[in-house]
Amino acid sequence: MSLTRGQEVGVMFKPRTFTPAPPAQSILTRADVWLLLVLTGLLALVIGAAESAPATVQGPEIDLSLSALPFYALRSVGRMALAYALSFLFTMIYGYIAAYNARAERVLIPLLDVLQSVPILSFLPVVLLSLSAVLPEAWAVELTAVVLIFTSQVWNMTFAWYQSLTTIPRELREASSIFRFSRWQRFTTLEFPFGALALVWNSMMSWAGGWFFLMAAEIFTLGERDFRLPGLGSFLQTAADSGDLAAIGWGVLTLVAVIVVLDQFVWRPLLAWAGQFRLEMIERDDDEGQSWFYNLIQQSVLAGWMGRLAGAINRVITRQFGRNPAPDPYLSDTPRRSWVGIGLLAVSVLLVGWGSWVGSRLLLSVPPAQWGVIVLSVGATLLRVATAMIVALLWTVPVGVFIGTRPRAAAILQPIVQIAASVPATALFPVLVLAFLALPGGLNLAAVLLMMLGTQWYILFNVIAGAAAIPQDLRFTSELLQLRGWQRWRTLILPGLFPYLVTGLITASGGAWNASIVAEYVVFNQQTYQTFGIGAQIAAATAAGDFAGLFAATLAMITAVVAINRLLWRRLYRLAETKYRME
(Lines give C-alpha, C1' and ligand atoms only; values in the text may rest on other atoms or scores of the structure.)
Protein backbone atom coordinates (compact mmCIF):
# COMPACT_ATOMS: atom_id res chain seq x y z
CA MET A 1 0.00 0.00 0.00
CA SER A 2 1.55 3.28 -1.09
CA LEU A 3 1.06 6.69 0.44
CA THR A 4 0.04 9.77 -1.48
CA ARG A 5 2.26 12.85 -1.25
CA GLY A 6 -0.15 14.55 1.14
CA GLN A 7 -0.16 11.45 3.38
CA GLU A 8 3.64 11.32 3.36
CA VAL A 9 3.83 14.93 4.49
CA GLY A 10 1.19 14.18 7.11
CA VAL A 11 3.37 11.46 8.58
CA MET A 12 6.29 13.87 8.90
CA PHE A 13 4.23 16.85 10.04
CA LYS A 14 2.05 16.20 13.05
CA PRO A 15 0.34 19.50 13.83
CA ARG A 16 -0.23 20.52 17.41
CA THR A 17 -3.92 21.25 17.80
CA PHE A 18 -5.19 24.12 19.88
CA THR A 19 -6.19 22.88 23.34
CA PRO A 20 -6.14 25.83 25.76
CA ALA A 21 -5.84 24.01 29.07
CA PRO A 22 -3.97 26.33 31.48
CA PRO A 23 -1.32 24.69 33.67
CA ALA A 24 -2.27 24.23 37.30
CA GLN A 25 -1.03 26.98 39.64
CA SER A 26 -1.76 28.12 43.16
CA ILE A 27 -4.45 30.80 43.44
CA LEU A 28 -2.51 33.22 45.64
CA THR A 29 1.18 33.50 46.44
CA ARG A 30 3.21 35.52 48.89
CA ALA A 31 4.30 37.73 46.00
CA ASP A 32 0.67 38.66 45.32
CA VAL A 33 0.06 39.60 48.96
CA TRP A 34 3.28 41.59 49.12
CA LEU A 35 2.40 43.32 45.88
CA LEU A 36 -0.95 44.46 47.25
CA LEU A 37 0.73 45.85 50.36
CA VAL A 38 3.37 47.71 48.33
CA LEU A 39 0.76 49.27 46.03
CA THR A 40 -1.27 50.28 49.07
CA GLY A 41 1.76 52.04 50.50
CA LEU A 42 2.54 53.78 47.21
CA LEU A 43 -1.02 54.99 46.78
CA ALA A 44 -1.13 56.19 50.38
CA LEU A 45 2.15 58.05 49.84
CA VAL A 46 0.91 60.08 46.86
CA ILE A 47 -2.45 60.75 48.53
CA GLY A 48 -0.64 62.05 51.59
CA ALA A 49 1.40 64.39 49.39
CA ALA A 50 -1.72 65.48 47.49
CA GLU A 51 -3.34 66.78 50.67
CA SER A 52 -0.73 69.58 50.80
CA ALA A 53 -1.37 70.81 47.24
CA PRO A 54 -2.46 74.43 46.56
CA ALA A 55 -6.14 74.98 47.25
CA THR A 56 -6.74 77.06 44.09
CA VAL A 57 -5.21 76.67 40.64
CA GLN A 58 -6.21 78.73 37.59
CA GLY A 59 -5.60 77.14 34.19
CA PRO A 60 -5.12 78.94 30.85
CA GLU A 61 -7.99 79.58 28.45
CA ILE A 62 -8.31 77.14 25.55
CA ASP A 63 -8.75 78.85 22.17
CA LEU A 64 -11.37 77.12 19.98
CA SER A 65 -10.39 79.01 16.82
CA LEU A 66 -9.02 77.11 13.83
CA SER A 67 -5.75 79.09 13.87
CA ALA A 68 -4.85 77.52 17.23
CA LEU A 69 -5.17 73.90 16.01
CA PRO A 70 -1.70 73.52 14.35
CA PHE A 71 0.03 74.79 17.51
CA TYR A 72 -2.09 72.52 19.72
CA ALA A 73 -1.37 69.54 17.46
CA LEU A 74 2.39 70.10 17.72
CA ARG A 75 2.20 70.39 21.52
CA SER A 76 0.21 67.15 21.81
CA VAL A 77 2.48 65.22 19.43
CA GLY A 78 5.50 66.44 21.41
CA ARG A 79 4.02 65.15 24.68
CA MET A 80 3.10 61.86 23.00
CA ALA A 81 6.61 61.47 21.57
CA LEU A 82 8.27 62.14 24.93
CA ALA A 83 5.92 59.69 26.65
CA TYR A 84 6.64 57.09 23.95
CA ALA A 85 10.41 57.50 24.40
CA LEU A 86 9.99 56.85 28.13
CA SER A 87 7.71 53.90 27.36
CA PHE A 88 10.24 52.34 24.98
CA LEU A 89 13.08 52.69 27.49
CA PHE A 90 10.91 51.24 30.26
CA THR A 91 9.82 48.38 27.98
CA MET A 92 13.37 47.33 27.10
CA ILE A 93 14.59 47.29 30.70
CA TYR A 94 11.50 46.03 32.53
CA GLY A 95 10.64 43.30 30.01
CA TYR A 96 14.24 42.07 29.87
CA ILE A 97 14.53 41.77 33.65
CA ALA A 98 11.11 40.07 33.94
CA ALA A 99 11.96 37.55 31.23
CA TYR A 100 15.42 36.60 32.50
CA ASN A 101 15.27 36.93 36.29
CA ALA A 102 13.05 34.29 37.88
CA ARG A 103 12.93 36.05 41.25
CA ALA A 104 12.03 39.40 39.73
CA GLU A 105 9.46 37.87 37.38
CA ARG A 106 7.31 36.68 40.28
CA VAL A 107 6.80 40.32 41.28
CA LEU A 108 7.26 42.31 38.07
CA ILE A 109 4.68 40.54 35.91
CA PRO A 110 1.86 40.66 38.52
CA LEU A 111 2.78 44.31 39.15
CA LEU A 112 2.56 45.02 35.42
CA ASP A 113 -0.81 43.25 35.26
CA VAL A 114 -2.19 45.46 38.00
CA LEU A 115 -0.73 48.79 36.92
CA GLN A 116 -2.04 48.48 33.35
CA SER A 117 -5.51 47.70 34.68
CA VAL A 118 -5.93 50.61 37.10
CA PRO A 119 -7.85 53.51 35.50
CA ILE A 120 -5.65 56.45 34.61
CA LEU A 121 -8.05 58.91 36.24
CA SER A 122 -7.83 57.15 39.59
CA PHE A 123 -4.16 58.17 39.71
CA LEU A 124 -4.58 61.52 37.93
CA PRO A 125 -5.75 63.62 40.89
CA VAL A 126 -3.26 62.25 43.41
CA VAL A 127 -0.30 62.36 41.01
CA LEU A 128 -1.16 65.87 39.85
CA LEU A 129 -1.79 67.23 43.32
CA SER A 130 1.30 65.60 44.80
CA LEU A 131 3.53 66.99 42.03
CA SER A 132 1.98 70.47 42.32
CA ALA A 133 2.84 70.39 46.01
CA VAL A 134 6.59 70.08 45.31
CA LEU A 135 7.06 71.57 41.78
CA PRO A 136 6.09 74.81 40.02
CA GLU A 137 2.57 74.57 38.64
CA ALA A 138 3.54 74.64 34.94
CA TRP A 139 6.15 71.91 35.41
CA ALA A 140 3.81 69.79 37.50
CA VAL A 141 1.00 69.87 34.91
CA GLU A 142 3.34 69.13 31.97
CA LEU A 143 5.09 66.31 33.83
CA THR A 144 1.77 64.83 34.91
CA ALA A 145 0.46 64.86 31.34
CA VAL A 146 3.56 63.06 30.06
CA VAL A 147 3.49 60.52 32.89
CA LEU A 148 -0.19 59.75 32.40
CA ILE A 149 0.18 59.41 28.62
CA PHE A 150 3.12 57.13 29.41
CA THR A 151 0.85 54.95 31.56
CA SER A 152 -1.56 54.57 28.64
CA GLN A 153 1.24 53.57 26.22
CA VAL A 154 3.71 51.45 28.10
CA TRP A 155 1.88 48.34 29.33
CA ASN A 156 1.06 46.59 26.06
CA MET A 157 4.56 47.32 24.70
CA THR A 158 6.14 45.77 27.79
CA PHE A 159 3.89 42.72 27.63
CA ALA A 160 4.69 42.26 23.92
CA TRP A 161 8.45 42.52 24.55
CA TYR A 162 8.24 40.11 27.51
CA GLN A 163 6.16 37.67 25.45
CA SER A 164 8.67 37.84 22.60
CA LEU A 165 11.64 37.15 24.88
CA THR A 166 9.94 34.19 26.56
CA THR A 167 8.85 32.57 23.28
CA ILE A 168 12.14 32.69 21.34
CA PRO A 169 12.74 29.13 20.01
CA ARG A 170 15.15 27.22 22.19
CA GLU A 171 17.30 26.09 19.25
CA LEU A 172 18.02 29.73 18.38
CA ARG A 173 19.07 30.42 21.96
CA GLU A 174 21.31 27.36 21.96
CA ALA A 175 22.86 28.51 18.68
CA SER A 176 23.68 31.93 20.17
CA SER A 177 25.31 30.17 23.14
CA ILE A 178 27.32 27.87 20.85
CA PHE A 179 28.62 30.90 18.95
CA ARG A 180 29.50 32.47 22.34
CA PHE A 181 27.53 35.68 21.80
CA SER A 182 27.87 38.49 24.29
CA ARG A 183 24.75 40.09 25.78
CA TRP A 184 24.89 42.92 23.24
CA GLN A 185 25.35 40.53 20.30
CA ARG A 186 22.48 38.36 21.50
CA PHE A 187 20.28 41.44 21.86
CA THR A 188 21.05 42.85 18.40
CA THR A 189 21.05 39.58 16.44
CA LEU A 190 18.38 37.50 18.20
CA GLU A 191 16.23 39.14 20.86
CA PHE A 192 15.38 42.51 19.33
CA PRO A 193 14.90 41.18 15.76
CA PHE A 194 12.61 38.43 17.07
CA GLY A 195 10.43 40.94 18.94
CA ALA A 196 10.60 43.78 16.39
CA LEU A 197 7.33 43.06 14.58
CA ALA A 198 5.31 42.73 17.79
CA LEU A 199 6.95 45.88 19.16
CA VAL A 200 6.03 47.92 16.08
CA TRP A 201 2.39 46.80 16.10
CA ASN A 202 2.10 47.44 19.83
CA SER A 203 3.82 50.81 19.42
CA MET A 204 1.06 51.76 16.98
CA MET A 205 -1.48 50.59 19.55
CA SER A 206 0.33 52.57 22.25
CA TRP A 207 -0.04 55.76 20.26
CA ALA A 208 -3.71 54.97 19.74
CA GLY A 209 -4.08 54.47 23.50
CA GLY A 210 -2.25 57.72 24.12
CA TRP A 211 -4.72 59.61 21.91
CA PHE A 212 -7.59 57.93 23.77
CA PHE A 213 -6.49 59.41 27.13
CA LEU A 214 -4.99 62.63 25.81
CA MET A 215 -8.14 64.55 26.76
CA ALA A 216 -7.88 63.34 30.34
CA ALA A 217 -4.17 64.13 30.51
CA GLU A 218 -4.38 67.67 29.11
CA ILE A 219 -7.42 69.00 30.95
CA PHE A 220 -8.57 68.19 34.46
CA THR A 221 -10.62 70.05 37.08
CA LEU A 222 -10.76 69.18 40.77
CA GLY A 223 -12.85 71.60 42.83
CA GLU A 224 -11.17 75.01 42.66
CA ARG A 225 -8.10 73.56 40.97
CA ASP A 226 -8.16 73.90 37.18
CA PHE A 227 -5.33 71.99 35.53
CA ARG A 228 -5.16 72.24 31.75
CA LEU A 229 -2.58 72.39 28.97
CA PRO A 230 -2.85 73.72 25.40
CA GLY A 231 -3.23 70.74 23.07
CA LEU A 232 -5.57 68.69 20.91
CA GLY A 233 -6.95 66.85 23.93
CA SER A 234 -7.89 70.02 25.80
CA PHE A 235 -9.27 71.51 22.55
CA LEU A 236 -11.59 68.53 22.01
CA GLN A 237 -12.64 68.39 25.67
CA THR A 238 -13.39 72.13 25.79
CA ALA A 239 -15.37 71.88 22.56
CA ALA A 240 -17.35 68.92 23.97
CA ASP A 241 -18.05 70.75 27.24
CA SER A 242 -19.34 73.79 25.36
CA GLY A 243 -21.35 71.69 22.89
CA ASP A 244 -19.50 73.24 19.93
CA LEU A 245 -19.99 70.50 17.31
CA ALA A 246 -18.14 72.48 14.63
CA ALA A 247 -15.03 72.76 16.84
CA ILE A 248 -15.29 69.04 17.67
CA GLY A 249 -15.41 68.26 13.95
CA TRP A 250 -12.39 70.40 13.12
CA GLY A 251 -10.47 68.96 16.08
CA VAL A 252 -11.20 65.38 15.00
CA LEU A 253 -10.21 66.20 11.40
CA THR A 254 -6.92 67.65 12.63
CA LEU A 255 -6.34 64.54 14.72
CA VAL A 256 -7.06 62.30 11.71
CA ALA A 257 -4.61 64.32 9.59
CA VAL A 258 -1.89 63.89 12.24
CA ILE A 259 -2.59 60.15 12.41
CA VAL A 260 -2.39 59.76 8.61
CA VAL A 261 0.95 61.62 8.50
CA LEU A 262 2.38 59.46 11.29
CA ASP A 263 1.10 56.29 9.60
CA GLN A 264 2.70 57.09 6.25
CA PHE A 265 6.00 58.53 7.52
CA VAL A 266 6.59 56.48 10.69
CA TRP A 267 4.54 53.32 11.18
CA ARG A 268 4.35 51.95 7.62
CA PRO A 269 8.14 52.29 7.13
CA LEU A 270 8.75 50.64 10.50
CA LEU A 271 6.43 47.75 9.59
CA ALA A 272 8.26 47.29 6.28
CA TRP A 273 11.59 47.28 8.14
CA ALA A 274 10.42 44.86 10.85
CA GLY A 275 8.98 42.44 8.27
CA GLN A 276 12.49 41.27 7.35
CA PHE A 277 12.86 39.66 10.79
CA ARG A 278 10.05 37.13 10.44
CA LEU A 279 11.03 33.61 11.47
CA GLU A 280 10.46 31.55 8.32
CA MET A 281 12.36 29.37 5.88
CA ILE A 282 10.60 30.45 2.67
CA GLU A 283 10.88 33.96 1.28
CA ARG A 284 7.57 35.68 0.68
CA ASP A 285 6.92 36.51 -2.95
CA ASP A 286 4.30 39.21 -2.30
CA ASP A 287 4.32 42.91 -1.63
CA GLU A 288 3.61 42.58 2.06
CA GLY A 289 4.77 45.41 4.25
CA GLN A 290 5.63 47.72 1.38
CA SER A 291 5.95 51.44 2.11
CA TRP A 292 6.65 54.12 -0.47
CA PHE A 293 8.49 56.22 2.10
CA TYR A 294 10.61 53.24 3.22
CA ASN A 295 11.55 52.54 -0.40
CA LEU A 296 12.43 56.21 -0.83
CA ILE A 297 14.61 56.15 2.29
CA GLN A 298 16.48 53.09 1.04
CA GLN A 299 17.50 55.04 -2.07
CA SER A 300 18.61 58.07 -0.06
CA VAL A 301 22.32 58.86 0.20
CA LEU A 302 21.79 60.46 3.62
CA ALA A 303 19.98 57.35 4.90
CA GLY A 304 22.83 55.16 3.65
CA TRP A 305 25.35 57.34 5.46
CA MET A 306 23.32 57.18 8.67
CA GLY A 307 23.07 53.38 8.31
CA ARG A 308 26.85 53.09 7.98
CA LEU A 309 27.27 55.37 11.02
CA ALA A 310 24.90 53.16 13.05
CA GLY A 311 26.86 50.10 11.94
CA ALA A 312 30.12 51.71 13.02
CA ILE A 313 28.65 52.60 16.42
CA ASN A 314 27.41 49.02 16.81
CA ARG A 315 30.90 47.68 16.03
CA VAL A 316 32.43 50.00 18.64
CA ILE A 317 29.90 48.86 21.25
CA THR A 318 30.57 45.23 20.33
CA ARG A 319 34.31 45.70 20.73
CA GLN A 320 33.91 47.45 24.08
CA PHE A 321 31.17 45.34 25.68
CA GLY A 322 31.03 42.23 23.50
CA ARG A 323 34.39 40.65 24.08
CA ASN A 324 33.33 38.29 26.84
CA PRO A 325 30.65 35.72 25.95
CA ALA A 326 27.67 35.73 28.29
CA PRO A 327 25.50 32.68 29.04
CA ASP A 328 21.87 32.95 28.00
CA PRO A 329 19.95 33.54 31.27
CA TYR A 330 16.88 31.81 29.82
CA LEU A 331 18.84 28.55 29.43
CA SER A 332 19.92 28.69 33.08
CA ASP A 333 17.45 27.81 35.82
CA THR A 334 19.58 29.27 38.62
CA PRO A 335 18.02 32.46 40.02
CA ARG A 336 20.44 35.19 41.04
CA ARG A 337 20.08 37.79 43.74
CA SER A 338 21.31 41.22 42.74
CA TRP A 339 21.92 44.48 44.59
CA VAL A 340 19.06 45.99 42.59
CA GLY A 341 16.72 43.34 43.96
CA ILE A 342 17.91 43.96 47.50
CA GLY A 343 17.37 47.70 47.03
CA LEU A 344 13.87 47.17 45.67
CA LEU A 345 13.09 44.92 48.61
CA ALA A 346 14.18 47.63 51.05
CA VAL A 347 12.07 50.26 49.27
CA SER A 348 9.06 47.95 49.25
CA VAL A 349 9.42 47.35 53.00
CA LEU A 350 9.33 51.12 53.56
CA LEU A 351 6.27 51.45 51.33
CA VAL A 352 4.48 48.66 53.20
CA GLY A 353 5.20 50.37 56.50
CA TRP A 354 3.98 53.73 55.21
CA GLY A 355 0.90 52.15 53.67
CA SER A 356 0.02 50.35 56.88
CA TRP A 357 0.12 53.67 58.75
CA VAL A 358 -1.47 56.14 56.34
CA GLY A 359 -3.65 53.65 54.47
CA SER A 360 -5.27 52.26 57.61
CA ARG A 361 -6.18 55.80 58.68
CA LEU A 362 -7.88 56.46 55.34
CA LEU A 363 -9.64 53.11 55.14
CA LEU A 364 -10.99 53.29 58.69
CA SER A 365 -12.70 56.57 57.80
CA VAL A 366 -14.77 54.84 55.08
CA PRO A 367 -18.24 53.81 56.46
CA PRO A 368 -19.21 50.08 56.25
CA ALA A 369 -22.17 50.94 53.98
CA GLN A 370 -19.80 52.56 51.48
CA TRP A 371 -17.64 49.42 51.48
CA GLY A 372 -20.70 47.37 50.49
CA VAL A 373 -21.42 49.74 47.61
CA ILE A 374 -17.77 49.52 46.48
CA VAL A 375 -17.79 45.71 46.44
CA LEU A 376 -21.01 45.57 44.41
CA SER A 377 -19.74 48.25 42.03
CA VAL A 378 -16.62 46.17 41.29
CA GLY A 379 -18.87 43.29 40.27
CA ALA A 380 -20.99 45.55 38.04
CA THR A 381 -17.92 46.92 36.25
CA LEU A 382 -16.49 43.41 35.89
CA LEU A 383 -19.63 42.32 34.02
CA ARG A 384 -19.31 45.27 31.65
CA VAL A 385 -15.60 44.56 31.10
CA ALA A 386 -16.31 40.89 30.32
CA THR A 387 -19.14 41.79 27.94
CA ALA A 388 -17.03 44.34 26.08
CA MET A 389 -14.12 41.92 25.71
CA ILE A 390 -16.29 39.05 24.47
CA VAL A 391 -17.96 41.24 21.84
CA ALA A 392 -14.58 42.64 20.78
CA LEU A 393 -13.06 39.15 20.57
CA LEU A 394 -15.81 37.89 18.28
CA TRP A 395 -14.94 40.32 15.49
CA THR A 396 -11.26 41.18 16.02
CA VAL A 397 -9.91 37.62 15.63
CA PRO A 398 -11.37 36.87 12.16
CA VAL A 399 -10.73 40.42 10.91
CA GLY A 400 -7.19 40.45 12.33
CA VAL A 401 -6.37 37.11 10.72
CA PHE A 402 -7.78 38.37 7.41
CA ILE A 403 -5.58 41.50 7.52
CA GLY A 404 -2.49 39.69 8.82
CA THR A 405 -2.55 36.92 6.20
CA ARG A 406 -3.51 38.99 3.14
CA PRO A 407 -0.88 41.60 2.29
CA ARG A 408 -2.95 43.41 -0.32
CA ALA A 409 -5.85 43.75 2.12
CA ALA A 410 -3.43 44.90 4.83
CA ALA A 411 -2.10 47.67 2.59
CA ILE A 412 -5.63 49.10 2.36
CA LEU A 413 -7.15 48.23 5.74
CA GLN A 414 -4.18 48.81 8.07
CA PRO A 415 -4.17 52.63 7.70
CA ILE A 416 -7.96 52.65 8.15
CA VAL A 417 -7.66 50.57 11.33
CA GLN A 418 -4.86 52.80 12.60
CA ILE A 419 -7.00 55.92 12.10
CA ALA A 420 -10.09 54.33 13.67
CA ALA A 421 -8.09 53.14 16.69
CA SER A 422 -6.46 56.53 17.21
CA VAL A 423 -9.58 58.69 17.15
CA PRO A 424 -10.36 59.12 20.87
CA ALA A 425 -13.84 57.79 21.62
CA THR A 426 -13.83 60.07 24.68
CA ALA A 427 -14.22 63.03 22.31
CA LEU A 428 -17.44 61.63 20.85
CA PHE A 429 -18.72 59.76 23.90
CA PRO A 430 -20.82 62.60 25.41
CA VAL A 431 -22.76 62.81 22.14
CA LEU A 432 -23.22 59.02 22.14
CA VAL A 433 -24.52 59.17 25.71
CA LEU A 434 -27.22 61.62 24.73
CA ALA A 435 -28.24 59.29 21.89
CA PHE A 436 -28.34 56.21 24.15
CA LEU A 437 -30.24 57.84 27.03
CA ALA A 438 -33.53 57.40 25.17
CA LEU A 439 -33.05 53.59 25.10
CA PRO A 440 -33.80 51.17 27.98
CA GLY A 441 -30.59 50.74 29.96
CA GLY A 442 -29.07 53.35 27.69
CA LEU A 443 -26.17 54.44 29.88
CA ASN A 444 -25.22 50.80 30.55
CA LEU A 445 -25.14 50.14 26.80
CA ALA A 446 -23.12 53.31 26.23
CA ALA A 447 -20.63 52.29 28.94
CA VAL A 448 -20.13 48.85 27.37
CA LEU A 449 -19.73 50.48 23.95
CA LEU A 450 -17.03 52.86 25.19
CA MET A 451 -15.22 50.01 26.98
CA MET A 452 -15.28 48.02 23.74
CA LEU A 453 -13.91 51.01 21.83
CA GLY A 454 -11.10 51.13 24.37
CA THR A 455 -10.36 47.38 24.25
CA GLN A 456 -10.93 46.02 20.76
CA TRP A 457 -7.89 47.66 19.17
CA TYR A 458 -5.47 46.00 21.59
CA ILE A 459 -6.79 42.59 20.53
CA LEU A 460 -6.97 43.46 16.82
CA PHE A 461 -3.42 44.82 16.54
CA ASN A 462 -1.94 41.82 18.36
CA VAL A 463 -3.94 39.38 16.22
CA ILE A 464 -2.70 41.12 13.07
CA ALA A 465 0.89 40.91 14.33
CA GLY A 466 0.46 37.23 15.25
CA ALA A 467 -1.13 36.29 11.92
CA ALA A 468 1.57 38.14 9.99
CA ALA A 469 4.29 36.34 11.99
CA ILE A 470 3.08 32.81 11.10
CA PRO A 471 5.92 31.37 8.96
CA GLN A 472 5.22 31.03 5.26
CA ASP A 473 6.51 27.44 5.21
CA LEU A 474 3.87 26.44 7.78
CA ARG A 475 1.18 28.04 5.63
CA PHE A 476 2.38 26.09 2.59
CA THR A 477 2.44 22.88 4.64
CA SER A 478 -1.14 23.39 5.79
CA GLU A 479 -2.20 23.92 2.19
CA LEU A 480 -0.33 20.79 1.12
CA LEU A 481 -2.16 18.84 3.82
CA GLN A 482 -5.41 20.34 2.52
CA LEU A 483 -6.37 21.70 5.93
CA ARG A 484 -9.58 23.67 5.66
CA GLY A 485 -12.00 25.47 7.93
CA TRP A 486 -11.88 24.72 11.66
CA GLN A 487 -9.17 22.11 11.20
CA ARG A 488 -6.82 24.74 9.76
CA TRP A 489 -7.69 27.15 12.59
CA ARG A 490 -6.97 24.51 15.25
CA THR A 491 -3.68 23.29 13.80
CA LEU A 492 -2.14 26.46 12.34
CA ILE A 493 -3.86 29.77 13.05
CA LEU A 494 -4.86 29.54 16.73
CA PRO A 495 -1.56 27.95 17.91
CA GLY A 496 0.38 30.61 16.00
CA LEU A 497 -1.82 33.41 17.32
CA PHE A 498 -2.07 32.29 20.92
CA PRO A 499 0.92 34.16 22.48
CA TYR A 500 -0.10 37.36 20.68
CA LEU A 501 -3.78 36.84 21.53
CA VAL A 502 -2.98 36.46 25.24
CA THR A 503 -0.98 39.71 25.14
CA GLY A 504 -3.88 41.44 23.40
CA LEU A 505 -6.44 40.12 25.88
CA ILE A 506 -4.41 41.20 28.91
CA THR A 507 -3.89 44.72 27.59
CA ALA A 508 -7.52 44.84 26.42
CA SER A 509 -8.64 43.98 29.93
CA GLY A 510 -6.54 46.87 31.22
CA GLY A 511 -8.03 49.15 28.59
CA ALA A 512 -11.54 48.19 29.67
CA TRP A 513 -10.86 48.94 33.34
CA ASN A 514 -9.21 52.20 32.25
CA ALA A 515 -12.23 53.14 30.16
CA SER A 516 -14.65 52.47 33.01
CA ILE A 517 -13.66 55.73 34.68
CA VAL A 518 -15.01 57.75 31.75
CA ALA A 519 -17.70 55.28 30.63
CA GLU A 520 -19.64 55.19 33.89
CA TYR A 521 -19.44 58.88 34.82
CA VAL A 522 -20.00 61.48 32.11
CA VAL A 523 -20.20 65.27 32.37
CA PHE A 524 -21.64 67.04 29.32
CA ASN A 525 -22.98 70.59 29.14
CA GLN A 526 -22.75 70.96 32.93
CA GLN A 527 -24.94 67.84 33.33
CA THR A 528 -23.69 64.68 35.05
CA TYR A 529 -24.74 61.18 33.89
CA GLN A 530 -23.58 58.10 35.76
CA THR A 531 -24.30 54.41 36.14
CA PHE A 532 -23.46 51.98 38.92
CA GLY A 533 -19.86 50.76 38.83
CA ILE A 534 -16.41 51.15 40.34
CA GLY A 535 -15.44 53.67 37.64
CA ALA A 536 -18.34 55.90 38.69
CA GLN A 537 -17.32 55.48 42.35
CA ILE A 538 -13.77 56.64 41.58
CA ALA A 539 -14.96 59.55 39.43
CA ALA A 540 -17.50 60.70 42.04
CA ALA A 541 -14.89 60.52 44.81
CA THR A 542 -12.49 62.51 42.64
CA ALA A 543 -15.05 65.20 41.88
CA ALA A 544 -15.94 65.51 45.56
CA GLY A 545 -12.33 65.53 46.73
CA ASP A 546 -13.04 62.44 48.85
CA PHE A 547 -9.52 61.01 49.11
CA ALA A 548 -10.57 58.24 51.51
CA GLY A 549 -13.30 57.07 49.13
CA LEU A 550 -10.92 57.35 46.17
CA PHE A 551 -8.31 55.30 48.01
CA ALA A 552 -10.83 52.62 49.03
CA ALA A 553 -12.36 52.32 45.53
CA THR A 554 -8.97 52.15 43.79
CA LEU A 555 -7.70 49.58 46.28
CA ALA A 556 -10.81 47.45 45.73
CA MET A 557 -10.22 47.54 41.98
CA ILE A 558 -6.55 46.61 42.40
CA THR A 559 -7.54 43.62 44.56
CA ALA A 560 -10.06 42.42 41.97
CA VAL A 561 -7.54 42.80 39.15
CA VAL A 562 -4.87 40.85 41.06
CA ALA A 563 -7.32 38.00 41.57
CA ILE A 564 -8.31 37.95 37.87
CA ASN A 565 -4.70 38.06 36.74
CA ARG A 566 -3.74 35.26 39.08
CA LEU A 567 -6.65 32.99 38.19
CA LEU A 568 -6.69 33.57 34.42
CA TRP A 569 -4.10 35.71 32.69
CA ARG A 570 -0.94 34.37 34.31
CA ARG A 571 -1.99 30.79 33.58
CA LEU A 572 -2.62 31.64 29.94
CA TYR A 573 0.80 33.30 29.71
CA ARG A 574 2.42 30.14 31.06
CA LEU A 575 0.52 28.10 28.49
CA ALA A 576 1.69 30.37 25.65
CA GLU A 577 5.26 30.21 26.90
CA THR A 578 5.46 26.44 27.39
CA LYS A 579 3.27 25.00 24.62
CA TYR A 580 2.77 27.49 21.81
CA ARG A 581 6.20 28.96 21.18
CA MET A 582 7.25 28.89 17.50
CA GLU A 583 9.73 25.99 17.36
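A patch joins residues with over 30% relative accessible area and no salt bridge, linking like charges within 9 Å and nonpolar side chains (Val, Leu, Ile, Met, Phe, Trp, Tyr) within 5 Å. Areas are Shrake-Rupley values with a 1.4 Å probe, and for residues only the protein chains shown count as cover. The model is predicted, so to speak of local features takes pLDDT of at least 70 and side-chain atom pairs need pLDDT 80 or more, while totals for chains, interfaces and linings use all residues. Numbering runs from 1 along each chain as its sequence is written, and side-chain values use heavy atoms, leaving out hydrogens and water.

**Stop 1: the nonpolar patch**

Select Val261, Phe265, Val266, Leu270, Trp292 and Leu296. Together they make a nonpolar surface patch of about 510 Å². Now colour by helix (a DSSP run of H or I, at least four residues, numbered from the N terminus). Which helices supply the patch? Helix H11 (245-274) and helix H12 (292-298) each give at least two residues. H11 contributes the most, with four residues. Pick Val266 as one of the patch members. Val266 sits in H11. Its relative accessibility is 30%, so Val266 counts as partly exposed. The classes used on this tour are buried (under 20% relative accessible area), exposed (over 50%) and partly exposed (in between), with a 1.4 Å probe and protein chains only.

**Stop 2: where H3 meets H6**

Show helix H3 (residues 69-100) and helix H6 (residues 137-166). How do the axes of H3 and H6 lie? They come within 6 Å and cross at roughly 40°. Each axis is a line fitted to C-alpha atoms over the stretch in contact, with angles from 0 to 180 degrees between N-to-C directions. The H3 and H6 crossing is right-handed. By class, the contact of H3 with H6 holds 23 nonpolar residues, six polar ones and three charged ones. Right-handed means the near helix is turned clockwise from the far one by less than a right angle.

**Stop 3: the arginines and Glu142**

Side chains of opposite charge can pair when their charged atoms come close. The rule for a salt bridge is a side-chain nitrogen of Lys or Arg within 4 Å of a carboxyl oxygen of Asp or Glu. By this rule, five salt bridges are counted.

Select Arg75 and Glu142, whose side chains meet in a salt bridge at 2.9 Å, N to O. Arg75 lies in H3 and Glu142 in H6, so this pair ties together parts that are 67 residues apart in sequence. Arg75 is partly exposed, at 29% relative accessible area. Glu142 is partly exposed too, at 25%.

Arg79 forms a salt bridge with Glu142, with 3.0 Å between the closest N and O atoms. Arg79 lies in H3 and Glu142 in H6, so here the parts tied together are 63 residues apart in sequence. Is Arg79 buried or exposed? Arg79 is buried, with a relative accessible area of 4%. Salt bridges with shared partners join Arg75, Arg79 and Glu142 into one network.

**Stop 4: from the H7–H8 loop into H8**

Move to Arg180, in the loop between helix H7 (170-178) and H8. Check its backbone: phi of Arg180 is near 55°, a positive value in a residue other than glycine. Arg180 is exposed, at 57% relative accessible area.

Step on into helix H8 (residues 183-212), where Gln185 lies. Gln185 is partly exposed, at 23%. Draw a distance from Gln185 to Asn314: the C-alpha atoms are 9.4 Å apart, although 129 residues separate the two along the chain.

Next, pick Thr188, also found in H8. Its relative accessible area is 28%, so Thr188 is partly exposed. Draw another distance, from Thr188 to Thr318. The C-alpha separation is 10.0 Å, for residues 130 apart along the chain.

Then select Arg186 and Glu191. Their side chains meet in a salt bridge of 3.3 Å, N to O. Arg186 and Glu191 are both buried.

**Stop 5: Gly549**

Jump to helix H22 (residues 547-579) and select Gly549. At 3% relative accessibility, Gly549 counts as buried.

Technical notes
Nonpolar A, V, L, I, M, F, W, Y, C, P; charged D, E, K, R; others polar.
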